[in-house]
Amino acid sequence: MKPSLKTIALLSTALLTACTSTEDKVNDLLQRHMNAFVFVEGGSFMMGNPGGWSVRKDTLPAHKVTLDSFSIQKYEVTQGDMDLFMEVTGYTSTYVNYDRLRTNNPNRFVDKLPAAVTWGDARAFCQWLGKLSNQLIDLPTEAQWEYAARSRGQMYRFATDTGEAVENVNMAARSKGGFSNPKALPHPPSKFSPNPLGLYDMSGNVVELVLDNYQPDYYQHSPEHNPKGPKTAKTSGLDGGTTYHLTVARGGRFYDYWGNTTVTRLEVPKTLMGLDTGFRCVMQN
């Protein structure tokens with residue numbers, strides 16, 4: 001039986017409404033993200049641990065870095081925006097167990113929380129945003145991230161409004177039991193006050209993926225001007241001998257506290273996904 005003209009009209013209207021709705025959602029996403037970029041004037045600072053800010057040896061030595069100006073997002077990208085990107089582009093995560101992880105942890109994948117991603121997923125989102133806006137957008141370099149977290153390189157141990165950390169006042173309290181606590185979750189972006197530059201959650205929410213490959217001794221021979229990290233990544237063998245290339249992640253984690261400093265570095269396998277990871281994007285000026 002052929003569909004009636006009325007049925008065809010209703011289906012056409014439904015399809016048009018769906019398309020318009022998706023287009024509106026993408027336009028809203030683009031406007032929100034572009035409005036969230038904060039200009040960061042370039043300059044020089046002493047990157048790394050000045051002494052006593054981290055127990056990790058890879059935060060040493062402190063070294064001079066000079067950066068060109070750039071813009072960085074105020075907020076960590078949310079899961080809702082990541083889901084919309086995946087829906088409209090057909091993108092699938094580079095983490096092979098993504099669907100299972102999501103099914104087993106539904107409370108972590110709600111729209112309002114920071115997006116749980118791999119390094120490749122985060123880059124794909126930022127670069128998609130760049131295509132939509134006709135701008136050069138990607139993950140921040142490690143140097144850009146730290147310079148911004150420290151409000152243009154000032155001596156701020158934590159990326160809070162005061163440079164200090166006070167539990168449940170300007171940074172989340174340490175979660176008892178760490179990530180093994182099933183109730184431990186990051187908070188929605190901007191729960192606490194931003195740092196003086198106007199950036200939220202750069203200490204103590206999710207650990208943020210950056211562009212750089214990870215090498216533990218990189219600070220010993222980092223170039224001064226616009227460093228982009230080592231050419232090759234350190235590798236790590238996990239899961240029965242599989243080799244993973246490591247990238248840098250910054251900012252600490254919601255279940256940590258004193259480790260959430262502006263200089264703390266973590267290494268993360270590029271194609272694995274932790275429930276404590278997230279990201280924000282940078283636009284080159």
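This is a predicted model: local features need pLDDT of at least 70, side-chain atom pairs count only at pLDDT 80 or more; totals for chains, interfaces and linings use all residues.

Below are my notes, going from the whole chain to one helix and its links.

**Entry 1: overview.** I counted the secondary structure and got five helices and eleven strands. The protein has 285 residues, and 52% of them count as buried. I also looked at sequence separation in the contacts. Taking pairs at least 6 apart in sequence, I find that 75% join residues at least 24 apart.

Next I checked burial, with under 20% relative accessible area as the cut-off. Eleven of the 15 residues in α4 pass, so the helix is largely enclosed by the rest of the structure. My list of buried positions has the aromatics Trp119, Phe125 and Trp128. It also has Gly120, Asp121, Ala122, Ala124, Cys126, Leu129, Gly130 and Ser133. Just past the end of α4, I noted that asparagine 134 has a positive phi, about 60°.

**Entry 2: α4 against α2.** From α2, the contact uses Asp81, Met82, Phe85, Val88 and Thr89. From α4, I have Asp121, Ala124, Phe125 and Trp128. Sorting the residues of this contact by type gave me six nonpolar, one polar and two charged. Asp121, Ala124, Phe125 and Trp128 were on my buried list too.

**Entry 3: the disulfide.** How many disulfides does a search of the whole structure find? I got one. It joins cysteine 126 to cysteine 281, with S to S at 2.1 Å. Cysteine 126 belongs to helix α4, while cysteine 281 lies in the loop between β10 (277-278) and β11 (282-284). The two are 155 residues apart, so I logged the pair as linking distant parts of the chain.

Left-handed or right-handed? The torsion about the S-S bond is about -85°, so I wrote down left-handed. Are the two ends buried or exposed? Cysteine 126 is at 0% relative accessibility and counts as buried. Cysteine 281 is buried as well, also with a relative accessible area of 0%.

Technical notes
Residues are numbered from 1 along each chain as its sequence is written. Side-chain values use heavy atoms; hydrogens and water are left out. Contact means heavy atoms within 4.5 Å. Helices (H or I, at least four residues) and strands (E, at least two) are DSSP runs, numbered from the N terminus. Ala, Val, Leu, Ile, Met, Phe, Trp, Tyr, Cys and Pro count as nonpolar, Asp, Glu, Lys and Arg as charged, and the others, Gly among them, as polar. Buried means under 20% relative accessible area, exposed over 50%, partly exposed in between (1.4 Å probe, protein chains only). A disulfide is a pair of cysteine sulfur atoms within 2.5 Å.
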